[in-house]
Amino acid sequence: MKSVSSRERIVLRAARELQDGFYVNLGIGMPTQVANHIPAGMNIVLESENGMLGIGPFPYEGEEDADLINAGKQTITELPGSSYFSSADSFGMIRGGHIDLTIMGAMEISQEGDLANWMIPGKLVKGMGGGMDLVVSARRVVMIMTHCDKKGNPKLLPQCTLPLTGKRCVHRVITEHAVFDFEDGKMILKERWPETSAEELRKITAAEYTEADSVVEMVI
Amino acid sequence: MNKVVATAAEALESAGLRDGMTIMAGGFGLCGIPENCIAAIRALGVRDLTIISNNCGVDDFGLGILLATRQIRKMVSSYVGENAEFERQFLAGELEVDLVPQGTLAERIRAGGAGIPAFYTPTGVGTVVAEGKEIRDFDGRMYVMERGLRADLSIVKADVGDHSGNCIYRKTARNFNPMMATAGETCIVEVERLVPTGQLDADQIHTPGIFVDYILEGSNYEKRIEQRTNRPAGSA
């Protein structure tokens, strides 16, 4: 077993969600790192919701272009086959169900698949950006997050305590301990990290879930 | 019909810039923002503006410079996280903010410019965004009604334009600019390069001149980069 940090484990497992030919939107932060683990030979087109398909790597120093950024406002490059379009066209392709997969970070997820990841009451609200559009419209919505918050409190809950980003919109959540799917408002354990016992997982998961007929080992 | 003006200030004065106006400003972050128009609005000193723009610049650049002079009363945006003065004015109750999901914002502007008063979207159903709005079931799925959006004035940045107002954007600097060009009662476009009519390939035009009232060649573009990210030299 590779020795990697919790966050690396989450990113590596998330990369296994990619399939050849997918058009994929990756959220800002940890999800962006999934792009570094696209399997060799797999053709993935990354979308940036500010108006680009076919995101290339960061530019070399001195080759940055102020007119070419990703949704995180980082300088990027284009690839053969890249295309540019307006924000309206971008969200048209998102809402129209043309994006195969979005991978995004989450703050809380409920056992019914509700998602909260855009505001914490009492803290300054920065805005939802394009997150609310993506989570209700991508064909597959995969959330990645650490299983518990920094204080050790579960983030998989019976109900979200934070304001929602979307209702019953999450298809799958990947943490460092497990992979759960949401089907018809029910949460189902699909994969468990081999070093995490079934009892341990119950203890750190406040949400109610059932175990799939065959829970398999989480592999990265 | 002469659309060409020499400066952003001249365009704004011709467009009747005044206190209390609602202005759409193109750009995503600091990418594709109408730098010359923003600077001229600051210099002309109008107040109580409602600004519709995806973001609000940073403290000392982009729309942020209109916050510093207290010229903005209300922002309609999807994300406003990069700005300390914004935070201060918002928490002090000096600045009103209407947060709109990015795709809904883009479509509201597109709809407004296209004569569509309202539309239904799945975005925001079951969240605070949908509170107080009509919810409707189409084919078993719930949608929220959102209104088309127009403005008194739109200020747009393109890469190249011609004397007829035809415009071409460059890379991701396109973003909200084309829709905003259609949704302002008056539209001012500033370009990095202005060419005589006939110099642009008609097949490559993004914004046809019909939407554009004034066009000017901007000057002194800073085009600041918000997050300079590089790959190491020698890497693939």
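A salt bridge here is a side-chain nitrogen of Lys or Arg within 4 Å of a carboxyl oxygen of Asp or Glu. A:Asp67 forms one with B:Lys223, and the closest N and O atoms are 2.8 Å apart. This is a predicted model, in which local features need pLDDT of at least 70 and side-chain atom pairs count only at pLDDT 80 or more, while totals for chains, interfaces and linings use all residues. Residues are numbered from 1 along each chain as its sequence is written, chains are lettered from A and ligands numbered from 1 in the order in which they are written, and side-chain values use heavy atoms, with hydrogens and water left out.

Across the interface of chain A and chain B, the rule finds six salt bridges. The rule for polar contacts (a pair of N or O atoms within 3.5 Å; within protein, one must be able to donate a hydrogen and the other to accept it, and residues adjacent in sequence count only if both atoms are side-chain atoms) finds 30 residue pairs across this interface, both residues at pLDDT 80 or more. On the side of chain A that touches chain B, the elements giving two or more residues are β4 (78-84), α2 (87-95) and α3 (131-137) of chain A. Such elements are DSSP runs numbered from the N terminus, helices being H or I with at least four residues and strands E with at least two.

Contact, meaning heavy atoms within 4.5 Å, takes in 46 residues from chain A and 54 residues from chain B. The two chains bury about 4100 Å² between them, 59% of it on carbon and sulfur atoms; buried area is the accessible area (1.4 Å probe) that two parts lose on being put together, summed over both. In chain A, the residues that lose the most area to chain B are A:Tyr60, A:Asp67 and A:Lys73, together 19% of what that side buries.

Next come the pockets. A pocket is found on a 1 Å grid over the protein atoms alone, as an open set of points where a 1.4 Å probe fits, with protein on both sides within 12 Å along at least five of seven lines; lining residues have an atom within 4 Å of a point. A volume is the space filled by probe spheres set on the points, which are joined across faces, edges and corners. The largest pocket has a volume of about 1500 Å³. Among the 50 residues that line the largest pocket, A:Ile28, A:Gly105, A:Met107, A:Asn117 and A:Trp118 are the closest to its centre.

The second largest pocket has a volume of about 730 Å³. Its lining has 32 residues, of which A:Ala35, A:Leu46, A:Ile55, A:Gly56 and A:Pro57 are the closest to the centre. β2(A) gives the most to this lining, with four residues.
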